[in-house]
Amino acid sequence: MAAISEDSDILIAGGGIVGMSLAYGLAREGRRVTVLDEDDLSFRASRGNFALVWVQGKGVGMPCYARWTMRSAALWRSFASDLEAETGIAIAFEQRGGFSLYLQRQKLEAHMRALTGLMDKLGPEALAVELMDRKALERMLPAIGPDVVGGTYCRLDGHVNVLRLFGALHEACRRRGVSYRPGASVKAITSKDGSFLLSTTAGPFEAERVVLAAGLGNARLAPMVGLAANVSPQRGQIIVTEKLERFLDYPLSTLRQTDEGGVMIGASKEDAGFDIGTSVKVLNSLAADAVRMFPLLARAKVVRSWGALRVMTADGFPIYDASTQAPGAFLVTCHSGVTLAAAHALDLAPCLANHVLPLRFQPFSPRRFANVPETV
Amino acid sequence: MFRRLSDEALTISLMVDGSPVAAARGDTVAAALLAAGITEFCRSPVSQSARAPFCGMGVCFDCRVTIDGEASRQACLTPVRDGMTVVTGSGRRGLLLEASR
């Protein structure tokens, strides 16, 4: 079969939030983009996420990740309003700050120590994370229970309606002429004469540049273009309640009330291989903590729960890489695709549009891992 | 809209929105209300439009009613009991209000 060229400048493997954010940003730069996506039953981290735009706690151990996260948080407001203006889809982005709450004093103190260490390293750009005592918490979170010992607040944190964000990204891409091809699982990538040929379950595609944004699938695809993506699945389980009148005005890192009123409860972390199921043990634990934090939730009905797989690197930080063996191939992977969506669309995509991954992305190279050879 | 297919005795008495409704042993609350001609069970939390049982098997949450003071009970999953009180018409649930009562 002759390659479907579709006259694309760039192919993106992966149509999740990362892939679609990049597609949108590349289309804004006037590039002709084709997104190759898998199917409804593929793992799809984007369907299981918590919808946070989250700054606090990011980058402990890698200050440039904290700076990259803050850059994205600063771009999010205009990213959201551009998407809404272009598509007419309201994505309910709120950025009035967010909280990490603690039920155990030692954990709160450990969290503060890690954050203070990070803020010392960041110097003048230090993000404003405040330690909040009970009195301060009660003013902003009137429904908290007596077991909450304290928490931290960061005014850069926020959340979004991620279903509508995803819809808006798809619609904005469609309007800008991005070609979106579902059912196109990438099986092989070969390069020849400065061009990449991707064999997929929807036929072959060809372009001068390819971006791998396939989440867990990047592990399989990266070596095909001389790159390495050491990613592995980390399961998170989430509980969703019935829609309630608003009682919580700010997101927590582990609990948030959506714009439509449902409460999402999460933050479990397990190595469960590729199993996306839920377990009564974990759901019980999530529910018990949620009820200690907000006692009124004891009466709320649960309407569904799910498990999903985070795309995790060994240190939890993103990987951005450009292939030297196959110039024109790029790798993008992270587990905070919603938080980084703005930076991916408005900062990284313009770089990729110009065929480069600037030196400031060096720290995110996979060569930071001991087991990745220099030649990659 | 709905009628019973058999002549079973309606020996169970419910109070629905302040009015008595007769039901048969083994009815779900949903079946009893539908047989009594009640077609609005609750309101959708986002658009406030009227809702009635849709899936009949506990996954759509459109049959929510307050039973014996407990809100958001699924009528299609709850068997009738003599003396049960049912209140229909709830929209988005107000937990803060319930907690303060």
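How much area is buried between chain A and chain B, and what share of that area do carbon and sulfur atoms give? In this predicted model, the figure comes out at about 1300 Å², with 61% from carbon and sulfur atoms.

**The A–B contact**

- Chain A puts 16 residues into the contact, and chain B puts in 13.
- Salt bridges between the two chains number 3.
- One salt bridge joins E242(A) to R93(B), with 2.5 Å between the closest N and O atoms.
- On the side of chain A that touches chain B, β13 (232-243) and β16 (302-312) are the elements that give two or more residues.
- That side of chain A splits into 7 nonpolar residues, 1 polar and 8 charged.

**Strand β18 of chain A**

**Who β18(A) pairs with**

- Strand β12 of chain A (residues 209-212) runs parallel to β18(A), pairing over 3 bridges.
- In β18(A), L331(A) sits opposite L212(A).
- Strand β17 of chain A (residues 319-322) pairs with β18(A) in the antiparallel sense, over 4 bridges.
- F330(A) in β18(A) is the bridge partner of A322(A).
- β17(A) and β18(A) make a hairpin with 6 residues between them, and G328(A) in the turn has a positive phi of about 105°.

Terms used. Residues are numbered from 1 along each chain as its sequence is written. Chains are lettered from A and ligands numbered from 1 in the order in which they are written. This is a predicted model: local features need pLDDT of at least 70, side-chain atom pairs count only at pLDDT 80 or more; totals for chains, interfaces and linings use all residues. Side-chain values use heavy atoms; hydrogens and water are left out. Contact means heavy atoms within 4.5 Å. Buried area is the accessible area (1.4 Å probe) that two parts lose on being put together, summed over both. A salt bridge is a side-chain nitrogen of Lys or Arg within 4 Å of a carboxyl oxygen of Asp or Glu. Ala, Val, Leu, Ile, Met, Phe, Trp, Tyr, Cys and Pro count as nonpolar, Asp, Glu, Lys and Arg as charged, and the others, Gly among them, as polar. Two strands pair if DSSP finds at least two bridges between them.
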